[in-house]
Amino acid sequence: MKGYHDIVGDGGSRVLEQVAEQRARITDGLAGVRHLVAVGSGKGGVGKSTLTLHLAGALRARGLRIAILDADFNGPSQARMAGVQDALFVPGSHKIALPRTTNGIGVFSMGSLIPESQALEFASTAQGESHTWRATREFALLGEILGAVEWGALDLLMFDLPPGAERTVQYADYLGARTSFLLVTIPSAVSRGVVARSVAALSKGPNRVLGYVENMSGYYCRDCNAIKPLFISPEPFDSAQGRSSGLEIPCLGTVPFDPELARHCDTGIPLAAPETLVGRALDHVAQQLLDSLESTTEPPR
Ligand SMILES: Nc1ncnc2c1ncn2[C@@H]1O[C@H](COP(=O)(O)OP(=O)(O)OP(=O)(O)O)[C@@H](O)[C@H]1O
Ligand SMILES: [Mg+2]
């Protein structure tokens, strides 16, 4: 039986040239983007998608040009959250134009193409072996999207990552050193433990980890306009007392759980309430993110 190393050449497929062509198309398409930020965690359900959209909203309100690529192809949530579920993809001047939210954020999400009643399928002829191809096909799809969309001139392109510490590293590897990471945790030891693993895994590669956001950091009671405790964890983050979260990366801020924010996510209407406690918290994190991006030197492309 022939082993992998015995295969000589590409059998006429021009696979190496095709990969190089796609890479060049992606580099070219992203040339007008100032910052690339992947919002990840490792942990699922901690608010990566919510924060991606609402940090984008806070930065958009300052006049920045922002787009979001929902990189969670199997469980896309940006289409619903951003209100672009029924958006049509139309040709732009060169490539595909992005659908936009009512506040002007460009969003690519599989949820605009596939209804929630359907799963994303990757056809496989080998029964019981589809898992071996799935990751490869997902990243091939990511490459296609990156190369096919007209990103144009942007201040920030945000990638809303799927859960999983391993997948966080796979995205870092695929997206390359230009992409910085913002990690999201909730104030539980379980969540911090998983995020710590993502930090450890990312530290082996060249990507900058800008810091983390602690989401669901207390519960915002609108009736009493106060933050009440939500998680009673052994070592809560307390910026006033300077207590550590156990994560060895900067904390860019905390965002409380606000039922109104969850409702806005479900209905796809952007939360436009910068004067509320949660609005101010999001705005603070957005500023910290911006400061962090502007202050760190860009690695070579
Ligand atoms: N600060 C918050 N206030 C209110 N609701 C929130 C907050 N953060 C997240 N949520 C809600 O919690 C749920 C999970 O959030 P979200 O989908 O953003 O998490 P995720 O980390 O992206 O999940 P996944 O790992 O599946 O991608 C959503 O319904 C969202 O609206
Ligand atoms: Mg998500």
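Residues are numbered from 1 along each chain as its sequence is written, chains are lettered from A and ligands numbered from 1 in the order in which they are written, and side-chain values use heavy atoms, without hydrogens and water. Because the model is predicted, local features need pLDDT of at least 70 and side-chain atom pairs count only at pLDDT 80 or more, while totals for chains, interfaces and linings use all residues.

**View 1. Helix α1 covers residues 15–29.** Helices (H or I, at least four residues) and strands (E, at least two) are DSSP runs, numbered from the N terminus. At 1.5 Å a residue, the 15 residues of α1 should span 21 Å, and the end C-alpha atoms are 21 Å apart, which agrees. The expected span is 1.5 Å times one less than the number of residues.

**View 2. Helix α1 has a buried side and an exposed face.** Gln22, Ile26 and Gly29 are its buried residues. Buried means under 20% relative accessible area, exposed over 50%, and partly exposed in between (1.4 Å probe, protein chains only). Leu16, Thr27 and Asp28 are exposed on the face turned away from the buried side.

**View 3. Strand β8 pairs with β7, β10 and β9.** Two strands pair if DSSP finds at least two bridges between them. β7 (residues 179–185) runs parallel to β8 over 5 bridges; here threonine 185 stands opposite glutamate 214. β10 (residues 251–257) is also parallel to β8, again with 5 bridges. Tyrosine 212 has cysteine 251 of β10 as its bridge partner. β9 (residues 226–228) is antiparallel to β8, with 3 bridges. Cysteine 221 stands opposite alanine 226. The β8–β9 hairpin has 4 residues between the strands, and asparagine 225 takes a positive phi near 50°.

**View 4. Ligand 1 has 18 residues around it.** Gly45, Lys48, Ser49, Thr50 and Asn215 come nearest. A residue counts as near if one of its heavy atoms lies within 4 Å. A backbone N or O atom of glycine 45 lies 2.9 Å from a ligand 1 oxygen. A polar side-chain atom of serine 49 lies 2.9 Å from an oxygen atom of ligand 1. A side-chain N or O atom of asparagine 215 is 2.8 Å from a nitrogen of ligand 1.

Terms used. Polar contact = N/O pair within 3.5 Å; in protein donor to acceptor, adjacent residues only side chain to side chain.
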